[in-house]
Amino acid sequence: MASLTFLGTGNFLAPGRYWNSFVIDGTVLVEPSPTALPHLRRCRVPVEDLDAIVISHFHADHTFGWPFLLLELLLRRQGRPLFVVGPPDVEDFLADMLRLAGVPDIANASRELLDLRYVEVDGSWQEAGLLRFRAVEVDHVAHLRCFGYVFDRGGRIVGYSGDTRPCTGLDELAGASDVLVLECNGPHPPPPAHMDVESVSALRARFPRVPFVLTHLGPEIDASGIPDVTVPEDFQTLADV
């Protein structure tokens, strides 16, 4: 079994919830959202305990916490590698962010003091230190590649949709998962770029035995009519999922 600690469960506009981000088993941070660092502190997850950081795609709500998180890592953690998993060019993307943030000192120090190891996803089963995972490309927006993941937690497969609309990649993730962390943004202007309650319900019909945990939530999401769905609150830990 695995535990999931939600640092935030909201969508890009964070409507009454903070930006989507969660930690698996206290060691894997999924999405370094803008508020990831203070919320790691609030949930008492030490950054020095992290083995890996996983990014689904390069939108701001999933990545803009990186400069703050990196400084905390410099202050708190040295001596063992930290793996950063993400789409192709993830290292260059994060380096560009540091340049735009005006923190070349942090960038230079991280190269000298932190053993950061970047892992670009390739669709196969891969390893990032102790983390075993496979990325599956999903359909989100035309200008960015987005990936969902399946994480092997000692034989228990935790899936994560990333940001997606209904697609074959999402069905592949659901079919491979023992539990699926699934976005439910709500209605979206066309062309659709996200899941809503109706598409979650349709996915449930195709995969009736996979529990869903909803995140990246828009306002007033009501999934109470869909069986075996959990809607966590910000800062909530779900143990033994």
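## Tyr 118 and its surroundings

Setting aside neighbours within four places in sequence, Tyr 118 touches Trp 66, Val 84, Val 90, Glu 91 and Leu 94, where contact means heavy atoms within 4.5 Å. This is a predicted model, in which local features need pLDDT of at least 70, side-chain atom pairs count only at pLDDT 80 or more, and totals for chains, interfaces and linings use all residues. Residues are numbered from 1 along each chain as its sequence is written, and side-chain values use heavy atoms, with hydrogens and water left out.

Tyr 118 sits in strand 6; helices (H or I, at least four residues) and strands (E, at least two) are DSSP runs numbered from the N terminus. With a relative accessible area of 26%, Tyr 118 is partly exposed. That class lies between buried, under 20% relative accessible area, and exposed, over 50% (1.4 Å probe, protein chains only).

## The chain as a whole

Let's step back to the overall fold. The protein chain has seven helices and 14 strands, and its C-alpha trace spans about 50 × 40 × 35 Å along the principal axes. For 241 residues, a compact globule would have a radius of gyration near 18 Å, so the 17 Å of the protein chain agrees with that. The radius is taken over C-alpha atoms, and the globule rule is 2.2 Å times the number of residues to the power 0.38.

Of the 241 residues, 55% count as buried. Among contacts between residues at least 6 apart in sequence, 61% join residues at least 24 apart. The chain exposes about 10500 Å², with carbon and sulfur atoms supplying 52% of it; these areas come from the Shrake-Rupley method with a 1.4 Å probe, and for residues only the protein chains shown count as cover.

## The largest pocket

The largest pocket holds about 260 Å³ of space. Of the 16 residues that line this pocket, the closest to its centre are Ala 95, Leu 98, Ala 107, Ser 110 and Arg 111. On a 1 Å grid over the protein atoms alone, a pocket is an open set of points where a 1.4 Å probe fits, with protein on both sides within 12 Å along at least five of seven lines, and lining residues have an atom within 4 Å of a point. Grid points are joined across faces, edges and corners, and the volume is the space filled by probe spheres set on them.

Helix 3 (66-76), helix 4 (90-100), helix 5 (104-113) and strand 6 (116-120) each give at least two residues to the lining. By class, the lining has eleven nonpolar, two polar and three charged residues. Here Ala, Val, Leu, Ile, Met, Phe, Trp, Tyr, Cys and Pro count as nonpolar, Asp, Glu, Lys and Arg as charged, and the others, Gly among them, as polar.

Gly 8 belongs to strand 1 (residues 4-8) and is buried, at 0% relative accessible area. Beyond its neighbours within four places in sequence, Gly 8 is in contact with Tyr 18, Trp 19, Asn 20, Ser 21, Thr 215 and Asp 234. Gly 8 and Leu 238 are 230 residues apart in sequence, yet 13 Å apart from C-alpha to C-alpha.

The loop between strand 12 (212-215) and strand 13 (229-230) contains His 216, and Glu 220 lies in the loop between strand 12 and strand 13 too. His 216 has a positive phi of about 55° although it is not a glycine, and phi of Glu 220 is near 55°. His 216 is buried at 1% relative accessibility, whereas Glu 220 is exposed at 81%.
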